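Please open the model in your viewer and display the backbone as a cartoon.

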Amino acid sequence: MKRTIRKVAVLGSGIMGSRIACHFANIGVQVLLLDIVPKELTEKEKQKGLTLEDASVRNRIVQDAFQTAVKSKPSPLYHLDYASRIQLGNFDDDMKEIGDSDWVIEVVVENLKIKKIVFDQVEQYRKPGTLITSNTSGIPIHLMLDGRSEDFQQHFCGTHFFNPPRYLKLLEIIPTEKTDPEIIKFLMHYGDLYLGKETVLCKDTPAFIANRIGIYAIMSAMHTIDKMGLTVGEVDKLTGPLIGRAKSATFRTMDVVGLDTTVNVSNNLYEALTHDESRDTFKLPRIVKELYDRKWWGDKTKQGYFKKVNKPDGSSEILELDLNTFEYGERKRASFKALEASKPIDNLKERIRLLVNFDDKAGEFYRATFYDLFAYCSNRIPEIADELYRIDQAVSAGFGWELGPFETWDVLGAKKTAAKMEEQGHKPAQWVQDMISSGAESFYKLEDGKRMYYDIDTKTYKVVPGTEDLILLDNLRKNKVLWKNSGASIFDIGDGVLNLEFHSKSNSLGGDVLTALQKALDMAEKEYLGLVIANEGANFSVGANLGMVFMSAVEQDYDEIDFMIRQFQNSMMRVRYSSVPVVVAPHGMALGGGCEMTMHADRVQAAAETYIGLVEVGVGLIPGGGGTKEFALRVSDRTEPGDVELNALQNAFMNIAQAKVSTSAHEAIDMNILRPQDGISINGKRRIADAKASVLGLHEAGYVQPVQRKDIKVQGKTGIGLFKAGIYGMKIGKYISDHDVKIAHKIAYVMCGGELSYPQMVSEQYLLDLEREAFLSLTGEKKTLERIQNILQGGKPLRN
C-alpha cells in the first residue's frame, strides 16, 4: 500500500505537541493541533463578558500554547509563514476533523488513564488505516493497546521525538507485537527522508534507548563527581565540546532541562529496573538530591547548579554552585594538565585518546565515567537493542554527542580498553569478550567506503542500515582522496563527480583552501562531470582567514591585501564560470566568504539548518569576495524598474549593512541568498548525496558554461543619494557609529555602481573592482583593525 502524509493531527499542544506540529509544518504538511477545552474563565475573559461557550475561550489553551511556541527562540519553524499551515481546535468540538488526517500523534500529559480517554475519542473518528502513534517518553507502549480495535493496534506504535523537535535529530520508533511491520518500515523511512531524523528502532523497554543510556551516563557521572570532589565548572569544561558533546555539557544541561525532569526519569528507572545489574546508579547522589529537595531545579526555578544575579552596577553575572557548601560563588576556571595538553589537538578522536589516558584528575574522571558507561551499554544488548549501532545512533542524536559509546570505545581501542575496564571493575558483557577472542577487535570498520558494524548474532560485520545511499566523507577518506593540502581534500565520490572538503581551522577560507579549490576545478574540468563543495565539519565555513588580513593591514602591506582579495574574487568567479557544474552544499554556519562561495554556485544544496549571511560589517569591512556584487546582480535580475527596484536594492543593502544571518535555509531564500531553484536537504546527512545528484542532473540536462555578465543594472548617484539620506538619519538617531557610516557609504557606493550620473548597465568585473577598492580602503581604518583584533581574540563584533 502506498502511503502519503498530507495532513497530520497532533493531539496535545504543550511544549512537545506544539513544536512537533511546527516541524510537520516545516516540511509542508497540513497540521491539525488540538487540546482540551478550559474549565474556567480567566479574569480577562470575565471582563470581556465571554462565556465558556465562546470559541475564543474554548480554543484558549491551544491558542496560547501555539503562540508561545511560535514566539520562542530558537524558532521551531523554518519560516514564520509556515505557521499558517497549522489549524487550531479543541478535543470536544474538533476531534471529528481527524477523520481526514493520515497520521494522528498523541502528545498529551504522561498519564496512561488520560491517554486512554483520548484514544477512545480517536477510535470514534479515525478512518481505518490511519497511522496512530504516541509521543510518550516513559509509558510502556503495549499498555496503551487495552480496549483498542484490531485496526488501531496494527497501525499503532510509539514515536518519541526529542525536544526541541526541529533541532534534536532523534526519533525513536517503538512498535508493539501487534504493529504491522510495514508501518514500522514506513515510519523509519519517513522519519529519515521527510522529517530529517535519525530514526532508531527501539524495544518497548523502560525509557527506550536514548534516555535509558543518557540518564545512566548523567547519574553515573554525578556519583563520580561527588566521590572525586569536582566542581561544577570543572565538570562542564570536561564534558562539553572538548569531548564532542553539547556546549551545555552536564550541569548547564540539567538546569535547562529541569532537574525535576532528570530526577523523575531516574526515579522511574530505579523503580522499573529491578533486574538491572547497575540499578543503584539511578539512586540520587547527594549533589542531586540536595538540590531536588530544595527545589533548585534550574532555569524554571531561577536557580540550580547556576544562578543569574544582578550586580549593583545594573549588569548581571552567572554564579556557580559549590557542591560542598551549596552556596553560590564566582565561576572558577577549570585547570588540569590534560586540558593544557589537549589545546593544540583539533581532531576529536586524537583529543579523546589523550584525555582518557592522561595521568591526572581529569583523566581519572574520564576513565571512571567512560569505562562504567561502556560496560553498561554492552550489557544492554539484547535487552534494549539487538544491534550496537542503534545505541550509538540514539544517544548521539538525542543528546548531541559526536561519538556514541561504542564509537568512543573504538577510538580508545576495543581490546585494550576492555582489559583496562576489567582492571577497574567494569567488566564488559560476554559478547564483547567473544568478539575480541574471535579476532574482531573493533565494533565498527570501513569496507569499500561503507561503514560496517559488528553483528553479535552472526559474529560478522554488516553494513549499518540506512547508510547505503549516503555519502559520508569519513568513510571515503582512506581510499578516495585524490589530492590534499593542509586546508582541504579532494575526493572522488563516484559517477564522475568530485568533492572538495575544507578542513582548515573552523573551515576558514585561506590561501590553502583557495589553492585546493582551483585544483579541484582543474581536475573536474579535465576528467570529471562536475564538482560538489561540501564538508562534514561543525560548520560549512566561518569565512575568510581574518588573521592574514589583520597581519598585512598592521604592516600596511596593502599590495598583499589587494592580492588576497583578487585571488578570492577570481576563485569565486571560477566557481561561477567553470565549464562543469559546481554545486555548493552548506550546513551550519556559512558566513562571509562561505556565503559568497555559496552565492556563486550553479546550484546550492543546503542543509535545512543552514545559518548563512554576509557578516563582514561586524569586523569593519564589506563583503569583498563578490558578495556585494552578487546582491547587486540579483536585485537587477529580480525586479522591475521603479519603486520596487529601489525597495529590493534597499533590502539587499540592509542584509549586508546589518550583517543579517538566516535562521534556516528557507529564510535564506527570502534574503535572496538562496534562489528558488536551489535545493534543501531536511536530513543533513543526505546533503552531499543530494548535491551529487544535482551535479549529475545539471550535466545530463546539457550544462553549458555561463558567460560573464555585462548587463547588471545599477542606480548610480540616484541610488547613492537615497542611501545617504537613510544613513544620515540612522546617524542622527545614534543607531550607528561614525565608522558604521563609513562602511554603509562603501556598501551603497558598490551596490549602486559608483558615481554614475544615471542608472545604467555594468559588468560583474566593474562591480568587483569597486568592491575590492572599498574593501581595501577599509583595511587601513583604525576602527576596522580594532574590530578584527577583537574577533581574533574571541570577542563579539564591536560597534565602535
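Select T51, which is found in the loop between α2 (43–47) and α3 (55–58); helices here are DSSP runs of H or I with at least four residues, strands are runs of E with at least two, and both are numbered from the N terminus. The model is predicted: local features need pLDDT of at least 70, side-chain atom pairs count only at pLDDT 80 or more, and totals for chains, interfaces and linings use all residues. Residues are numbered from 1 along each chain as its sequence is written, and side-chain values use heavy atoms, with hydrogens and water left out.

With a relative accessible area of 40%, T51 is partly exposed (buried means under 20%, exposed over 50%, partly exposed in between, with a 1.4 Å probe and protein chains only). Contact means heavy atoms within 4.5 Å. Between the C-alpha atoms of T51 and L41 the distance is 7.2 Å, and the two are 10 residues apart in sequence.

Next, select T224 in helix α9 (residues 210–228). Is T224 buried or exposed? Its relative accessible area is 12%, so T224 is buried. Leaving aside residues up to four places away in sequence, T224 touches F365, A368 and T369.

Then show helix α16 (residues 361–378) together with helix α19 (residues 414–423), whose axes come within 10 Å and cross at roughly 100°. The two helices are therefore roughly perpendicular, a term that covers angles of 65 to 115 degrees. Axes are lines fitted to C-alpha atoms, for helices over the stretch in contact, and angles run from 0 to 180 degrees between N-to-C directions. Display the side chains as well: Y371, F374 and A375 in α16 meet T417, K420 and M421 in α19.

The next stop is a sheet. Select the three strands in the order β9-β10-β11, which form an open sheet with antiparallel pairing; two strands pair if DSSP finds at least two bridges between them. At the edges lie β9 (306–310) and β11 (328–330), each of which pairs on one side only. Neighbouring strands of this sheet are turned by 45° against each other on average, direction ignored. Strand β10 (residues 316–321) pairs with β11 over three bridges in the antiparallel sense, and L321 stands opposite Y328 in β11.

Now inspect the backbone geometry. Most residues other than glycine have a negative phi, and most peptide bonds are trans.

- K73 to P74: this peptide bond is cis, with omega near -5°; P74 is in the loop between α4 (60–71) and β3 (86–90).
- I381 to P382: the bond is cis, with omega about 10°; P382 is in the loop between α16 and α17 (388–399).
- N507: phi is near 55°, a positive value in a residue other than glycine; N507 is buried at a relative accessible area of 5%.
- K734: phi is positive, about 60°, although K734 is not a glycine; at 76% relative accessibility, K734 counts as exposed.

Finally, zoom out to the whole chain. Its secondary structure comes to 33 helices and 25 strands. Of its 800 residues, 56% count as buried. Along the principal axes, the C-alpha atoms fill a box of roughly 80 × 70 × 65 Å.

Methods:
Angles under 35 degrees count as roughly parallel, over 145 as roughly antiparallel, 65 to 115 as roughly perpendicular and the rest as oblique.
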